[in-house]
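Please look through the sequence and the model shown here. The report that follows takes up the fold, the confidence, the surface and a few individual residues in turn.

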Amino acid sequence: MSRADWQLRLFRVGLLACAVLAIVVVTQFSIIDSVVAVWNGSPTADATAAAVDAASEAKSVCLSAETRTPKTEYPSHCYRADAAYRGMPGDQALANVKSFLVTLTALFALLLAVVSLGLRMARESRAQPLD
């Protein structure tokens, strides 16, 4: 196998790896949701779970106190302190953004290596006379 053959194979494998890595970067990270969660300062998953547990405990205490009084409808003041957080937890969002940036850096490094190999192969093919 000549030098040009293995360089060409390496170039083709590098191009394929760039395409696969680009697809991974685009499809595997919900970067918009992550950036929004980081920007808004969303609470961590543990803080969210603790707030939901505290709110459900307070609701249950309020409802059990209301069962002693005869009423025909649900007491709306018991449902006021619902801690409902929408979106991605802050710690998960930050980890997702970091993973996205690491993968994107790897993609750019691989792309730079493939382009430099292609330029080197083109320069070598111009320098060799055609037989």
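## Fold and chain

The protein chain of this predicted model has four helices and zero strands, where helices (H or I, at least four residues) and strands (E, at least two) are DSSP runs numbered from the N terminus. Read along the sequence, the elements follow the pattern α-α-α-α.

Contacts, meaning heavy atoms within 4.5 Å, can be sorted by how far apart the residues stand in the sequence. Of the contacts in the protein chain with a separation of 6 or more, 83% are between residues 24 or more positions apart.

## Confidence and conventions

The predictor's confidence in each residue is given as pLDDT, on a scale from 0 to 100. The protein chain averages a pLDDT of 83, and 82% of the residues score at least 70. Among the elements, helix α4 (residues 90–127) has the highest mean pLDDT, at 91, while helix α3 (residues 45–66) has the lowest, at 79.

Residues are numbered from 1 along each chain as its sequence is written, and side-chain values use heavy atoms, with hydrogens and water left out. Because this is a predicted model, local features need a pLDDT of at least 70 and side-chain atom pairs count only at pLDDT 80 or more, whereas totals for chains, interfaces and linings use all residues.

## Surface and burial

The accessible surface of the protein chain comes to about 9,900 Å², of which 64% belongs to carbon and sulfur atoms; such areas come from the Shrake-Rupley method with a 1.4 Å probe, and for residues only the protein chains shown count as cover. Buried residues make up 19% of the 131 residues in the protein chain, where buried means under 20% relative accessible area, exposed over 50%, and partly exposed in between (1.4 Å probe, protein chains only).

On the surface, F108, L111, V115 and L119 form a nonpolar patch with about 370 Å² of accessible area together. V115 has its place in helix α4, and V115 counts as partly exposed because its relative accessible area is 42%.

## The aromatic pair

A search of the whole structure finds one aromatic pair. The rings of F29 and F100 have their centres 5.9 Å apart and their planes at 75°, so the pair is edge-to-face; rings of Phe, Tyr and Trp (its six-membered ring) pair if their centres lie within 6.5 Å, and planes under 30 degrees apart count as stacked, over 60 as edge-to-face and the rest as tilted.

The pair links distant parts of the chain, with F29 in the loop between α1 (3–28) and α2 (31–40) and F100 in helix α4, 71 residues apart. F29 is buried, with a relative accessible area of 16%, and F100 counts as buried at 16% relative accessibility.

## Individual residues

Q7 is found in helix α1 and is buried, because its relative accessibility is 3%. Leaving aside residues up to four places away in sequence, Q7 touches L117, M121 and E124.

A113 lies in helix α4 and is partly exposed, with a relative accessible area of 40%. The C-alpha atoms of A113 and G14 are separated by 8.2 Å, although these residues are 99 residues apart along the chain.

D46 has its place in helix α3 and counts as exposed at 64% relative accessibility. From C-alpha to C-alpha, D46 and G90 are 10.0 Å apart in space, and 44 residues apart in sequence.

Conventions. Patch = residues over 30% accessible without salt bridge, like charges linked within 9 Å, V, L, I, M, F, W, Y side chains within 5 Å. Salt bridge = Lys/Arg side-chain N within 4 Å of Asp/Glu carboxyl O.
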